[in-house]
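Open your viewer and get the selection tool ready. We will walk from one stop to the next, and at each one there is something to look at.

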Protein chains: 4
Amino acid sequence: MDLKTKIAEAAELVLLTNGLAKTTTKEIARAAGCSEGSLYNHFRNKEDIFLHVLRGQLKNLMGVLTSLQGLVGKETVQHNLEKVAVSALEDYTNSMPLICSIFSEPDILLRHREGFVQRNEGPHRANEAVAAYLMKEQESGRIMGDIDARVVADCVLGSCFQHAFQLNFTGKQESHEERFNYARRIVNTLFPDK
Amino acid sequence: MDLKTKIAEAAELVLLTNGLAKTTTKEIARAAGCSEGSLYNHFRNKEDIFLHVLRGQLKNLMGVLTSLQGLVGKETVQHNLEKVAVSALEDYTNSMPLICSIFSEPDILLRHREGFVQRNEGPHRANEAVAAYLMKEQESGRIMGDIDARVVADCVLGSCFQHAFQLNFTGKQESHEERFNYARRIVNTLFPDK
Amino acid sequence: MDLKTKIAEAAELVLLTNGLAKTTTKEIARAAGCSEGSLYNHFRNKEDIFLHVLRGQLKNLMGVLTSLQGLVGKETVQHNLEKVAVSALEDYTNSMPLICSIFSEPDILLRHREGFVQRNEGPHRANEAVAAYLMKEQESGRIMGDIDARVVADCVLGSCFQHAFQLNFTGKQESHEERFNYARRIVNTLFPDK
Amino acid sequence: MDLKTKIAEAAELVLLTNGLAKTTTKEIARAAGCSEGSLYNHFRNKEDIFLHVLRGQLKNLMGVLTSLQGLVGKETVQHNLEKVAVSALEDYTNSMPLICSIFSEPDILLRHREGFVQRNEGPHRANEAVAAYLMKEQESGRIMGDIDARVVADCVLGSCFQHAFQLNFTGKQESHEERFNYARRIVNTLFPDK
DNA sequence: CATGAATGAGACTTCATTCAT
DNA sequence: TATGAATGAAGTCTCATTCAT
C-alpha cells in the first residue's frame with residue numbers, strides 16, 4: 001500500500017477518533033508511521049487531507065443507493081428500503097463526527113461548498129437517490145402514486161441521520177440487530193403491512 | 001444587561017458565524033466589548049462559555065414542545081405537528097453549526113455527555129416529547145393506536161434535522177413560507193387527509 | 001523602557017549581526033528577554049519588526065542632512081560636505097547588512113516600495129538633500145553655478161555608499177580617523193583647494 | 001549545454017527574480033528542468049550553487065575593465081570612463097539583488113570572505129582597475145597628475161553603484177539612453193571640458 | 001548520472017489562560 | 001471587578017539534504 005493511502009487511512013482513523021479540532025498533523029503522521037514532512041509530499045495541507053477523507057465517507061451507503069436503482073420491481077419495497085436504512089444508519093453513525101466537523105470550520109465549507117454541490121458530492125445526494133427509486137416504484141405500481149416520494153425519502157434517511165447523530169451524542173453503541181430493528185420500524189410505519 | 005449575558009450573546013454570535021474552531025477568546029471579547037481577562041471573571045474557561053451557549057440552543061423548539069403537551073385534543077394533530085416541525089426547522093437550522101461543533105471536540109463531549117444525558121439536555125429530548133404527545137393523542141383516540149409514536153416523532157424531527165443540516169451544508173436560505181411548506185408535506189405524508 | 005522598544009532594539013542588533021535570513025523570532029525574543037509570543041503583542045509579524053528596524057536606519061545621516069540646509073553660507077562648503085560624508089560612511093557601514101537584506105526578500109520590497117517612495121523614506125532621499133544644499137550654495141555664490149549639483153551629491157554619497165559596502169564585504173573595520181580621511185579625499189577631489 | 005550549466009543559469013534566474021531567501025532547491029530544479037536530487041550531483045549544496053552564480057556576476061563590467069588597460073592613450077579619457085560607467089550601471093543594476101543577498105546570510109560571507117579577498121573576486125576589484133587605468137593616463141600625461149585616481153574611480157563606480165541600488169530599490173527601469181546620460185554627467189563633472 | 005519520496009529540524013504564528021495593576 | 005500585556009505550549013508548514021532505485 002502506498003504512503004498516500006496509508007496517510008489517508010491513518011487520517012480517517014484519527015479524525016473519527018479525535019475530531020477535526022484535535023487532529024494534529026503530528027498525530028496523523030504518527031498513525032501513518034511516517035514523518036510530518038511526508039504528509040506534504042502527498043497532500044497540499046491539512047485541509048486537503050481532511051477533504052480527501054471526507055469525500056471517502058458514506059461509501060457504503062452510496063453503493064447501496066447505486067444498486068437500489070436496479071432493484072425496482074424486485075424483492076419488496078420494504079425490504080429494499082430497510083437495506084437502505086441499515087446502510088444509512090451504519091454510515092451516518094460512523095461518519096457523523098467527520099461530517100459534522102465541517103461546521104466547526106465554516107471557511108473550509110465555504111471554500112468547497114460550490115464544488116460539493118456541483119459535483120453532487122454532499123450528503124443531500126442520498127435523499128435524491130431514494131426519492132428517485134420510490135418514484136420508479138410508483139411508476140411500476142408497487143406503491144401508491146399519490147405519496148410524496150421525496151418526503152418519504154427524507155423521513156427514512158432523516159430519521160436515520162438524526163438517530164445516528166444522537167447515538168454519537170449520547171455515546172451509545174448499537175448492535176447490527178438494533179440497527180436492523182430501527183430500520184424496520186421506520187419502514188413499517190411508512191409502508192405498513194396490510 | 002450584565003456583562004455575563006453580554007459575553008454569552010457575543011459568544012453565540014461569534015460561534016455561529018465563525019465556527020468553534022475559529023472562535024477565539026479575543027474575538028468573543030471584542031464582540032462583547034470587554035477585555036479578554038473579563039471573560040474569566042464570568043466563566044471558568046472557553047469550554048465553559050461554549051457549553052453555556054450550547055445549552056441555550058433550541059430554546060424556541062423546546063418552548064413549543066412544552067406547550068405541546070397542553071394541546072392534546074386541541075386544534076388538529078396535523079396542525080400541532082406542523083407547528084412543531086416549523087419550530088424544529090428554524091431552531092435546527094440556526095443552531096446546526098453550534099450543535100455539530102461538539103463533534104469536532106470529542107473530549108468536551110466526553111466530559112459532559114453524562115451530564116447531558118442525566119439532565120436530559122441533548123437534542124434527543126425533543127423526540128421524546130413529540131412521541132409523548134402522540135401517545136396521548138392515541139389515548140385520546142384522535143390518531144390510530146397501532147402506529148409507532150416514537151417512529152413518527154423521529155420521522156418528523158429527523159427529516160427536519162437532516163433538512164436543516166443540508167441547508168447549512170449547501171448554504172441555501174429558506175423563507176418562512178418554504179419552511180412551512182416543508183413542514184406540511186412531512187405531516188401530510190405521515191397523517192394523510194382522507 | 002517598554003517592551004516594544006526593547007524588542008526593536010534587540011531585533012536591530014540581531015538583524016545587523018545575523019542578517020535577515022538567519023534572524024529568527026526565537027533569537028529576537030531571547031535577545032529582548034521575552035517570550036516569542038510577546039513579539040506578536042507589539043508587532044504584526046516578523047516582517048513588521050524588520051520594517052520597523054529598517055525605518056530607524058540612517059538616523060544619524062538624516063539628522064546631519066536636515067541640519068545641512070541651515071549651514072548654507074556657513075563654515076566652508078568642503079567642511080560641510082565632509083561632515084555629511086563622515087556621517088554617511090558611518091551610517092551606511094552600520095546599516096548595510098540590513099538595507100541590503102531587503103533584496104533577498106523582493107516580495108517584502110514590493111509590498112512596501114510604494115510606501116517608501118511616497119513617504120520619501122528610502123536611501124535615495126539623502127542624495128536629494130545634498131543636491132539641494134549644493135544648489136543653495138550655488139545661489140549664494142560660494143560654489144560655481146555651472147557644476148551639476150546632483151552629480152556631485154551622487155559622487156559624494158555614492159562613493160561612501162560603495163565604500164561602506166566593500167568594508168562590509170571584506171570585513172575590514174575603519175577607525176573614525178580613516179573615515180575622516182576618506183571623506184576628505186572625496187571632498188577635496190570634487191572641490192580642490194586653490 | 002551540460003546540466004551543470006543549465007542548473008547554474010536556472011539558479012541565476014531564480015535568484016535574481018525571487019531573491020535568495022525565497023529561492024528553494026525545488027524551484028531551481030524546476031527551472032533547470034531536472035530533479036532536486038540532480039542538483040547534488042553537480043554542486044555540493046545550495047550554498048555552493050549560490051557562490052557559483054555569484055562569481056559569475058559583473059562579467060560584462062569585468063571585461064570592459066580588462067580591455068580598459070589597453071585603452072591608455074587611446075580615444076579620450078572621458079569616452080573610456082563613460083564606457084566603464086555604462087557597463088557598471090548595467091551590471092550593478094542587474095546583479096544588485098544577488099550581490100546584496102550575501103549580507104542576509106553573513107555566515108556564508110564569513111566562510112568565503114577570505115577566499116574572495118585573496119582571489120580578488122569581490123566587487124572592490126573594479127575600483128582598483130579603474131584607478132590603475134587613471135594612473136596610467138596620468139603617467140601618459142592625458143590627465144593631471146595631482147588628482148587622486150582612486151577617489152575618482154570611487155566616484156565614478158560609487159555613484160553608479162548607488163544609482164543601481166536605488167533603481168532596484170524604487171523599482172524604476174532605465175533605458176540604455178538614460179544610462180548613457182547618467183554616465184556622461186558623472187564623467188563630465190569629474191573631467192569637465194574646457 | 002538521474003530521480004524524487006522521505007526525512008526531521010526548525011521556523012513562524014496562534015491562542016487560552018494568568019496575573020499584576 | 002476590569003484590564004490587557006505576557007506567556008509558553010502547541011500547531012502547521014517549509015525545505016535542504018539523503019538515499020534507494
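The tour below visits an interface, a helix and the cysteines.

This is a predicted model, where local features need pLDDT of at least 70, side-chain atom pairs count only at pLDDT 80 or more, and totals for chains, interfaces and linings use all residues. Residues are numbered from 1 along each chain as its sequence is written, chains are lettered from A in the order in which they are written, and side-chain values use heavy atoms, without hydrogens and water.

**Chains C and D.** Select both: 48 residues from chain D and 48 residues from chain C are in contact (heavy atoms within 4.5 Å). Together they bury about 4100 Å², with carbon and sulfur atoms giving 66%; buried area is the accessible area (1.4 Å probe) lost on being put together, summed over both parts. Now pick D:Phe103, D:Gln162 and D:Phe169, which supply 19% of the area chain D buries here, more than any other three residues.

Next, show D:Arg185 and C:Asp148, whose side chains form a salt bridge at 2.7 Å, N to O (Lys or Arg side-chain nitrogen within 4 Å of an Asp or Glu carboxyl oxygen). The interface has 6 salt bridges.

**Helix H4 of chain C.** Select residues 46-55, a DSSP run (H or I, at least four residues, numbered from the N terminus). Its buried residues include C:Phe50 and C:Leu51 (under 20% relative accessible area, 1.4 Å probe, protein chains only).

**Cysteines.** How many disulfides are there over all chains? The count is 0, with a disulfide being two cysteine sulfur atoms within 2.5 Å. Finish at C:Cys155, where the nearest cysteine sulfur, that of D:Cys155, is 4.5 Å away. C:Cys155 is buried, at 0% relative accessibility.

Key. Buried means under 20% relative accessible area, exposed over 50%, partly exposed in between (1.4 Å probe, protein chains only). Helices (H or I, at least four residues) and strands (E, at least two) are DSSP runs, numbered from the N terminus. Buried area is the accessible area (1.4 Å probe) that two parts lose on being put together, summed over both.
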